[in-house]
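Thanks for coming, everyone. Please have a look at the screen, and then I will walk you through some local features.

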Amino acid sequence: MNISIFGLGYVGCVSIGCLAKNGNHVVGVDPNIIKVNQINSGRATIIEKDIDHIIKEQKEAGRISATIDYKKAILETDISIIAVGTPSTLNGHLNLGYMFNVAENFGETLMEKEGFHVIAIRSTVMPGTADRFATIIEEKSGKLRNVDFAIVSNPEFLREGSAVADYNNPPLTLIGSHNPQATKIISSLYAHLPAEIVITDIRVAEIMKYVNNTFHALKISFANEIGNICSALDIDSHKVMDIFCKDKHLNISPYYFKPGFAYGGSCLPKDLKGLQTLAHDLYIKAPVIENIDKTNEVQIQRAVEIIVNKNKKKLGFLGLSFKAGTDDLRNSPSVSLIEILLGKGYQISIYDKNVEISKLTGTNKEYIEARIPHLSKLMESSINSLLDDSDMIIVNNKEEEYSEVLSSWNSDKTILDMVRLDQEVRKLPGYKGINW
């Protein structure tokens with residue numbers, strides 16, 4: 001099939017690679033010429049396991065291209081996938097400006113196009129967004145939804161660090177649609193995947209990402225509270241939670257039930273805030289949901305207190321992104337922790353090879369300039385130099401490199417572990433886990 005993908009960020013880059021690998025011809029559309037040029041030169045726009053190889057391979061095979069010309073992309077394809085950003089506003093609502101600008105572009109272009117066009121929204125949006133998207137197209141083009149074009153809600157369930165594997169092995173494929181023809185077309189894109197294809201109402205599909213991610217955020221906070229209680233009682237919290245997770249019938253999944261540091265990333269904080277705002281707008285009292293992020297703040301403050309009590313002034317951080325295998329700094333608890341400690345006068349150095357590679361481009365550049373503009377002065381290119389020059393080591397994500405280096409480290413310096421490193425590291429004399 002001929003497919004256009006609007007937005008070459010995380011979801012768009014993974015989608016363009018995986019859809020091309022499955023035999024489709026895919027064109028990426030983005031106003032950022034740097035991202036367009038990266039795709040056209042066979043390079044991924046993100047750091048993510050396997051995607052760089054896939055983009056290079058599929059570009060060489062002639063199945064991938066990118067452009068800033070949205071009109072050409074729409075006219076030459078039958079399916080369009082929307083993967084543009086939907087960032088949060090300060091009050092927790094979504095900024096849908098990018099989304100509706102794209103809708104205007106579709107309205108302008110579909111006015112000139114013959115044939116049926118299917119638009120699948122992969123971006124995380126509130127219920128009602130697809131309806132508004134379709135209305136904008138109708139008003140601009142004079143075409144009719146479910147006659148000349150159709151909108152489908154097709155939310156993604158990709159985790160950063162394992163997005164390609166998640167794309168190829170999803171828990172399910174969710175399609176929200178009121179149009180049988182569009183449902184059939186989008187379903188065919190995923191028919192080869194080993195997962196059930198669930199067809200539902202558009203508004204049901206639109207809210208599912210918020211429900212899922214709010215529950216994931218709840219699970220992490222719950223595990224951290226259990227971990228903190230167990231730590232105060234000198235009980236191994238991981239033994240407790242390992243037993244808890246043996247119940248696969250009622251407790252659902254062990255993935256997030258691991259005590260550790262605060263959650264972060266682009267999805268959980270944003271979608272939690274979105275669901276909180278939705279409940280508020282509907283005058284619904286939801287005290288558990290309203291207070292989930294308070295536990296996250298407590299977890300960051302807990303790390304601050306442990307560090308302050310150790311009375312070490314030269315701190316070395318292993319990991320700045322919100323988890324291993326990604327360069328994403330958005331809502332990273334490590335960034336929040338470092339900001340607090342810099343304000344208290346600590347000397348800080350940071351090692352994170354993924355952030356070092358990408359710190360001067362795209363979303364990370366904007367985030368760094370807004371939050372920690374002096375980041376480049378704090379970054380170390382050598383993990384060994386950081387270990388030697390620091391009085392205390394704080395491990396913020398679970399890169400294999402950190403366990404490998406620390407397990408053979410001959411030192412009694414203090415280590416604060418946020419992620420539960422391997423047993424060999426936990427045996428070191430200066431080792432402490434945040435809540436075990």
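First, a term. A salt bridge here is a side-chain nitrogen of Lys or Arg within 4 Å of a carboxyl oxygen of Asp or Glu. With that in hand, take E424 and K427: their side chains meet in a salt bridge, 3.6 Å from N to O.

Some ground rules. This is a predicted model, where local features need pLDDT of at least 70, side-chain atom pairs count only at pLDDT 80 or more, and totals for chains, interfaces and linings use all residues. Residues are numbered from 1 along each chain as its sequence is written, and side-chain values use heavy atoms, with hydrogens and water left out.

Next, burial. Buried means under 20% relative accessible area, exposed means over 50%, and partly exposed is in between, with a 1.4 Å probe and protein chains only. By that scale E424 is partly exposed at 44%. K427 is exposed at 54%. Salt bridges with shared partners also join K71, E108 and E112 into one network. How many salt bridges does a search of the whole structure find? The search finds 15.

Now to helix α3, residues 51-60. Helices (H or I, at least four residues) and strands (E, at least two) are DSSP runs, numbered from the N terminus. Which residues of α3 are buried? They are I51, I54, I55 and Q58. The face turned away carries the exposed residues H53 and E60.

Stay with E60. Its relative accessible area is 61%. E60 forms a salt bridge with K56, with the closest N and O atoms 2.8 Å apart. Being 4 residues apart in α3, the two are separated by about one helical turn. K56 is partly exposed, at 45%.

Look at what flanks the helix. D50 sits in the loop between α2 and α3. Its phi is positive, near 75°, and D50 is not a glycine. After α3 comes G62, with a positive phi near 80°.

Another salt bridge pairs K140 with E104, at 3.6 Å between the closest N and O atoms. K140 lies in helix α6 and E104 in helix α5, so the pair ties together parts that are 36 residues apart in sequence. K140 is partly exposed at 40%, and E104 is partly exposed at 34%.

On to the strands. Two strands pair if DSSP finds at least two bridges between them. β5 and β6 pair in the parallel sense over 5 bridges. In that pairing, A120 has V152 as its bridge partner. The loop between α6 and β6 holds N146. N146 has a positive phi of about 65°, although it is not a glycine.

Further along is β12, residues 414-417. T414 and L416 point one way, I415 and D417 the other, and all are buried. β11 runs parallel to β12, joined by 4 bridges. M392 stands opposite T414.

Last stop: helix α10, residues 237-244, which holds V240. V240 is partly exposed, at 31% relative accessibility. Thanks, that is my tour.
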